[in-house]
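User: I am new to this structure and would like to learn how to read its features. Could you take me through them one at a time?

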Amino acid sequence: VQLQASGGGLVQAGGSLRLSCSASQYINSMGWYRQAPGKQRELVATVWSAGSTNYADSVKGRFTIDIDNPKKTAYLQMNSLKLEDTAVYYCTVRTLTGIEAWGQGTLVTVSS
C-alpha cells in the first residue's frame, strides 16, 4: 500500500496547519505519529473508518483527525500550534486487508 502525505510547513505559534494522508487502498484506521529531534516517536492521533478517534493528551482540544473513506484519505487539523509541536509527522495506515504501512514524514515547524 502506498501513502502520500502532505501539508507540513512553517507556522507561527498559535497558528494552524492541516495534514493529509492518502492511501492507495481502503482504510481500517489511519494515524499520525511525530518525532521531535532527540525524542522518541509518539502517537498523535488515530481515526478508524467508523469515525472513532483517539488523541494524545498533549494535543487534545487542539488537533482534530477525521477520515474521508471514499477518498481513502485522513486529515489532521492542527490548531493553536505550540513550539513543542515541532516535529516530523508520519502517517500510518492499517488497510481493510490488514496491511500496515508508513508514509514519508512531513516536517512541521512552529516558530515563536
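**Reading the features**

Analyst: Arginine 34 is a place to begin: its relative accessible area is 5%, so this residue is buried. Keep in mind that the model is predicted.

User: Which side chain does arginine 34 meet in a salt bridge?

Analyst: A salt bridge is read from the distance between a side-chain nitrogen of Lys or Arg and a carboxyl oxygen of Asp or Glu, with a cut-off of 4 Å. Here the partner of arginine 34 is glutamate 42, at 2.7 Å from N to O. Glutamate 42 is partly exposed, with a relative accessible area of 34%.

User: How many salt bridges does the count come to?

Analyst: Five. Among them is the one between lysine 60 and aspartate 57, at 3.1 Å from N to O. Lysine 60 and aspartate 57 are both exposed. Another joins glutamate 100 to arginine 94, with 2.1 Å from N to O. Glutamate 100 is exposed at 51% relative accessible area, whereas arginine 94 is partly exposed at 34%. Salt bridges can also share partners: in this way Arg34, Glu42, Arg62 and Asp85 are joined into one network.

User: Which cysteines does a disulfide join?

Analyst: In general, a disulfide is a covalent bond between the sulfur atoms of two cysteines. The count for this model is one disulfide, and it joins cysteine 21 to cysteine 91, with 2.1 Å from S to S. The link is right-handed, with 50° about the S-S bond.

User: Are cysteine 21 and cysteine 91 buried or exposed?

Analyst: Both are buried; the cut-off for that word is under 20% relative accessible area.

User: In what order do the four strands of the open sheet come?

Analyst: A sheet is read by following which strand pairs with which, and two strands pair if there are at least two bridges between them. The order here is β1-β3-β8-β7, with antiparallel pairing. β1 (3-6) and β7 (63-68) are the edge strands; each has a single partner strand, so one side of each has no neighbour in the sheet. On average, neighbouring strands of this sheet are turned by 15° against each other, direction ignored.

User: How many bridges join strand β3 to strand β8?

Analyst: Six, between β3 (residues 17-23) and β8 (residues 73-78), which run antiparallel.

Notes: Residues are numbered from 1 along each chain as its sequence is written. This is a predicted model: local features need pLDDT of at least 70, side-chain atom pairs count only at pLDDT 80 or more; totals for chains, interfaces and linings use all residues. Side-chain values use heavy atoms; hydrogens and water are left out. Helices (H or I, at least four residues) and strands (E, at least two) are DSSP runs, numbered from the N terminus. Axes are lines fitted to C-alpha atoms, for helices over the stretch in contact, and angles run from 0 to 180 degrees between N-to-C directions. Buried means under 20% relative accessible area, exposed over 50%, partly exposed in between (1.4 Å probe, protein chains only). A disulfide is a pair of cysteine sulfur atoms within 2.5 Å.
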